[in-house]
Amino acid sequence: MVDKNKPQQEKRGGWLSRFAPGVRKIVSRRDTPDNLWVKDPDTGEMLYRSDLEAALWVTPSGRHMRIDAPTRLRATFDDGDYEPIDTPDVPEDPLKFSDGKPYKDRLSAARKAAGRKDTMAIGFGQLDGTEAVVIVQDFTFMGGSLGMAAGEAFIAAARAAIARKVPLVCFTAAGGARMQEGALSLMQMARTTLAIQELKAAQLPFVVVLTDPTTGGVTASYAMLGDVHLAEPGALIGFAGPRVIEATIREKLPPGFQRAEYLQEKGMVDRVVARSDLPKVLGQILSMLMGGKRRAA
């Protein structure tokens, strides 16, 4: 007996069915990156990612978005050219800490995502023609939290600057100390302060660039010990966050409180500088300080 449905099925497929798989491949979603567009956090406007990258992640509305350490180093040094400086190794998870997930697992995930050991990255090169060591704190790595690795990296950067007889520039970005390392994390506040004293003894400038956000133990130590303090527009800078302060004092804070512009007005920040202007401004400041061989204040 002949199956009457079979010829109809073949006919229904026809020649178009032979091309369909190829057409699907041409228009498949994998040819369209998921991160092609980025939403402006202020206006809600969708921004083309490549345009945002070309603008150093500064939106048309002026928001200076957070950037990772490699992007920061390339944007800071002349022509994006610099010599990477290795960060020291430190004991991992000395307290065997777990907050529902083992600290070692959190470190492993953060390293896989960032492609490096910890939050700090160090480079040596020229800023508008002036040689300097630059250390960058990356908020994308566990909130830029200050732990043993970050402390050792800061000390290594300071001693690298002393060995090369050049200034040290630090870009800060942190939510505070790394709780998984307890008191060992808090000790880095004192250790980094001593490293800055070594720079002062060598009569080398230490310049801080405060980026969004700089809070907690980082603000209570090396972030506020620079000879010159610059800040990016709109950066949140403080010890405790504004919500914590409002809940404590039970009062509404002034508009712009703890933002870079407010702190410049109050004298805690020397100058607010747009990201695109930072290399030139830093180069001018470092050139002036090194040219006069002024003792760090």
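Colleague: Which element gives the most to the lining of the second largest pocket?
Modeller: That's α6, with four residues. Helices here are DSSP runs (H or I, at least four residues) and strands likewise (E, at least two), numbered from the N terminus. This is a predicted model: local features need pLDDT of at least 70 and side-chain atom pairs 80 or more, while totals for chains, interfaces and linings use all residues. Numbering starts from 1 along each chain, and side-chain values use heavy atoms, without hydrogens or water.

Colleague: How much space lies in that second largest pocket?
Modeller: About 170 Å³, counted as the space filled by probe spheres on grid points joined across faces, edges and corners. A pocket is an open set of points on a 1 Å grid over the protein atoms alone where a 1.4 Å probe fits, with protein on both sides within 12 Å along at least five of seven lines; lining residues have an atom within 4 Å of a point.

Colleague: And which residues are closest to its centre?
Modeller: V90, R111, K117, D118 and A149, out of 20 lining residues. Two or more lining residues come from each of α5 (103–114) and α6 (148–164).

Colleague: OK, on to the largest pocket. What's its volume?
Modeller: About 350 Å³. Its lining has 17 residues, with R63, H64, M65, R66 and D212 nearest the centre.

Colleague: Last one: where is Y48 placed?
Modeller: Y48 sits in strand β2 (residues 46–48). Its relative accessibility is 36%, so Y48 counts as partly exposed, between buried (under 20%) and exposed (over 50%), with a 1.4 Å probe and protein chains only.
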